[in-house]
Amino acid sequence: MYRNTFVKIDKSILKENVHNITQSYSEYKYFFGVVKGDAYGHGFEVINSLIEGGVNYLAVATPEEALRVRDFNKEIPVLCLEPVNTNAFSALCENDITFTVDSLQNAKELCSYEWKKTIKAHIKLDTGMNRLGFKDENQLKEALDLLKKNPKIELEGIYTHLATSGVNDIYYDLQLDNFSKLTRDIDLKSIPIVHIGRSLILVHHKKPPFVNGVRLGICMYGFSQSLPEPTGIRKIKRDFLLKHKGISESILSNDLHLHTAFSLYSEVISVKKVKKGEFVGYSAGFIANEDMNVATLAIGYFDGMDKKLGKVVINGEKCEILGEVCMDMTAVKVSDRVSCGDLAEIFGYTVSISEAARNMGVNAYKVFTGISHRVPRIYE
Ligand SMILES: Cc1ncc(COP(=O)(O)O)c(C=O)c1O
């Protein structure tokens, strides 16, 4: 690493998070570690820490990601959450990647392929997201019949994805209901893995009896929301939904004590004295209202830097971002104590990921995945 701009990732925190989660919810048998989007921006180098923590299956979005997992771990089962084009079939089969079957067309393609060895498949149901999955019972039945007849395809799992956390809304129960309707003629006990939940479903709802797996995403990376008892209008809404819409009661708080493992840093590469009335940066975006010291940091919007963060931390002091962020650099107002080579924390430690997300007007997912590949991840 030559340029001193980097993300620091503490793998032991991730392992501890996963350990806490898997121990706290031991009623589940299968824990899928969702590592799509480069393990939510943390990099696939964290995969083995997640496995050591207790995940026993991984889930990725694309065939490319599935194959890259194999550079880090050859044994762990990996589910590709998106249906894949036929040109990926051979490589995925060779690397023992589990396929998602999301439509009759997809089932037909899988069943007409000459597999060199048996592949595993999980059926995906659309219970309301209207994104991927079977929505039509007849098509689902036809696909299942086709898959069952094919000796090279092992139906290992069935799953759906839930749109909301289901806390005081009708959607969780609605989607569960749709799952039951779609699977009423299927003997779920004959399918080894049934998984519907993700992080917030895990923490806010009891495990439904027919489910034995859960997909862990954002919680592994440090977020498990505990919510206060609703008051005022929220309480009225909750009570109404419970009484009149029959929604299931949600669990508001948990004792997981998860932590983020991700912090972003950059280096001061220049410090200038700027006089009152002088401007700083593109478009003369900042005019000095007094004499000041201005430091340039080696991080710009190509790296994921965002003016909306407002401040960075240098030597324990919060320093205001001045003017426009450039592609590769950012100007900040600093004290006399700052000099070239000092490290600036952009966020992750003094400024939490939640605070950074709030300031940028995005969610934690976007903070984690918004740092470009130009920024090396350093692991400890
Ligand atoms: C199909 C699927 N399952 C699970 C997850 C993990 O979700 P979360 O990060 O909310 O736990 C995702 C994330 O986008 C997903 O697409």
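Residues are numbered from 1 along each chain as its sequence is written. In this predicted model, local features need pLDDT of at least 70 and side-chain atom pairs count only at pLDDT 80 or more, while totals for chains, interfaces and linings use all residues; side-chain values use heavy atoms, with hydrogens and water left out.

The chain contains twelve helices and 18 strands, where helices (H or I, at least four residues) and strands (E, at least two) are DSSP runs numbered from the N terminus. Along the principal axes, the C-alpha atoms fill a box of roughly 80 × 55 × 35 Å. Of the 380 residues, 52% count as buried; buried denotes under 20% relative accessible area, exposed over 50%, and partly exposed the range in between (1.4 Å probe, protein chains only). Contact is defined as heavy atoms within 4.5 Å. Among contacts between residues at least 6 apart in sequence, 68% join residues at least 24 apart.

Two domains divide the chain, domain 1 (11-244) and domain 2 (262-379), with bounds that come from an automatic or database domain assignment. Their centres, taken over C-alpha atoms, are separated by 38 Å. At the contact between them, 13 residues of domain 1 meet ten residues of domain 2.

A nonpolar core is a set of buried Ala, Val, Leu, Ile, Met, Phe, Trp, Tyr and Cys residues joined through side-chain atoms within 4.5 Å. The largest such core has 110 residues, and those with the most contacts inside it are V35, I123, V312, I314, I346 and F347. Both domain 1 and domain 2 give residues to this core, so it lies between them. Apart from it lies another core, of eight residues, including V274, M292, L322 and A331. With neighbours within four places in sequence left aside, I314 is in contact with V268, L297, C319, V332, V334, V338, D342, L343 and A344.

Helix α6 (residues 104-111) and helix α7 (residues 137-149) have axes that come within 9 Å and cross at roughly 10°. Axes are lines fitted to C-alpha atoms, for helices over the stretch in contact, and angles run from 0 to 180 degrees between N-to-C directions. The two helices are therefore roughly parallel to each other, the classes being roughly parallel under 35 degrees, roughly antiparallel over 145, roughly perpendicular from 65 to 115, and oblique for the rest. In this pair, L104, A107, K108 and C111 of α6 meet Q139, E142, A143, L146 and L147 of α7.

T296 is placed in strand β13 (residues 292-297) and is buried, with a relative accessible area of 19%. Beyond its neighbours within four places in sequence, T296 is in contact with E267, V268, I269, S270, M329 and T330.

N73 and K206 are both found in loops, N73 between α4 (63-72) and β4 (78-80) and K206 between α9 (199-204) and β9 (213-216). N73 is buried, with a relative accessible area of 14%, whereas K206 is exposed, at 70%. Leaving aside neighbours within four places in sequence, N73 is in contact with N48 and I51, and K206 with Y172 and I251. K206 and Y25 are 181 residues apart in sequence and 9.7 Å apart in space, C-alpha to C-alpha.
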